[in-house]
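Visitor: I'd like a quick tour of this one. Can you bring it up?

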Amino acid sequence: MHIGDKKIVMAEQGDKAELALFWKEIFDDEDAFIRLFFDHVYNPDNTLVIREKDEILAALHLVPYQVKIENRICNAAYICGVGTRKSARDQGFMNMLMDAALKIIKNRGYDLSFLIPAEDWLFDVYGKMGFTCKIGNEDREINPVSSNKNSQIIPCNLEHYPYFDKKQQERQNTVLHDLKDFSVILQDLKIEDGGAFLALTGNVPAGMIFAKPAENKTVLITDILSDNEQLRDALIAYVRDRFEARRSAFAFPRGLACLFNEDIKNIPSLYLSLMLD
């Protein structure tokens, strides 16, 4: 696709280093996070760029996921890393990239696509592009006092993925994370000085929490799974103490989903925890 002397194309194998620098310029994320994304998530076949004279002016990444809608497993594309260089803004590049991306998503047979807007005002922008299902946003404080003495809580590692997978499969309308995703999630938490922790009851996994420190002596819980409310409270109290926080709060991201299949267009929500946003 051409726009004057510029063209929208899929990224090439040699673009990785330039795209990493481009990401740093646009989003100013930590170098460790950028390396994580481009080493473990980035795929040139899922990346759209706008070029001019061999320089990347704008880019957009598609990350494939499976999504559970009730009892059905659907294929989805997560749209992220949408950005334009300051020198090339106000030329409609974002709209052009999104239009091209949605055509690719449809042609590849994805059931839906979704994204997490960086700012609230972008909800209206994406809404005009056809993103119709607004994802709920939860950010509320919760500070249980736990007296659970029957469980052991330890750092989580890749060996504990089967418990995570079992619990995520019990949810409805949720993005599913495979073992590779799980590894990236653990690494991302480490970059942010956070961590994942597992509750054991009689050496059997019974709960898991993902958390990271935030401002104002707060620990943000990015996801929590447990077999009962008592263990859930114990995990929340544990991370609050571990990160020396005064309060704990859920921080599940918001977003929009564009649904292409008519039979799933009316889902009330889509659980988007643990996404790299």
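Visitor: How many aromatic pairs does the structure hold?
Guide: This is a predicted model. The structure holds 17 aromatic pairs.

Visitor: How do the rings of Tyr-126 and Phe-131 sit?
Guide: Their centres are 5.9 Å apart and their planes are at 65°. Over 60 counts as edge-to-face, so this pair is edge-to-face.

Visitor: Buried or exposed, Tyr-126 and Phe-131?
Guide: Both are buried.

Visitor: And what about Phe-164 and Phe-210?
Guide: The planes of their rings are at 75°, with centres 5.8 Å apart, so that pair is edge-to-face. Phe-164 sits in helix α5 and Phe-210 in strand β11. Phe-164 and Phe-210 are buried.

Visitor: Which rings form a cluster?
Guide: Trp-23, Phe-27, Phe-33, Phe-37, Phe-38 and Tyr-42, linked by ring pairs.

Visitor: Back to α5. Which of its residues are buried?
Guide: Tyr-161, Tyr-163, Phe-164, Lys-167 and Gln-168. Down the axis of α5 they fall within an arc of 160°, so they line one face of the helix.

Visitor: What do the buried residues of α5 pack against?
Guide: Helix α6, plus strands β9, β10, β11 and β12.

Visitor: New topic. At what angle do α2 and α6 pack?
Guide: About 170°, with axes 10 Å apart. That makes α2 roughly antiparallel to α6.

Visitor: Which residues meet there?
Guide: From α2, Ala-32, Phe-33, Leu-36 and His-40. From α6, Lys-180, Val-184, Gln-187, Asp-188 and Ile-191. The contact divides into five nonpolar, two polar and two charged residues.

Key
Residues numbered from 1 in each chain as written. Predicted model: local features only at pLDDT ≥ 70, side-chain atom pairs only at ≥ 80, totals over all residues. Heavy atoms only, no water. Buried < 20%, exposed > 50% of the residue type's maximum accessible area, 1.4 Å probe, protein only. Helix = DSSP H or I, 4+ residues; strand = E, 2+ residues; numbered from the N terminus. Arc of directions from axis to C-beta. Contact = heavy atoms within 4.5 Å. Axes fitted to C-alpha atoms, helices over the stretch in contact; angles between N-to-C directions. Parallel < 35°, antiparallel > 145°, perpendicular 65-115°, else oblique. Nonpolar A, V, L, I, M, F, W, Y, C, P; charged D, E, K, R; others polar. Phe/Tyr/Trp six-rings, centres within 6.5 Å; stacked < 30°, edge-to-face > 60°.
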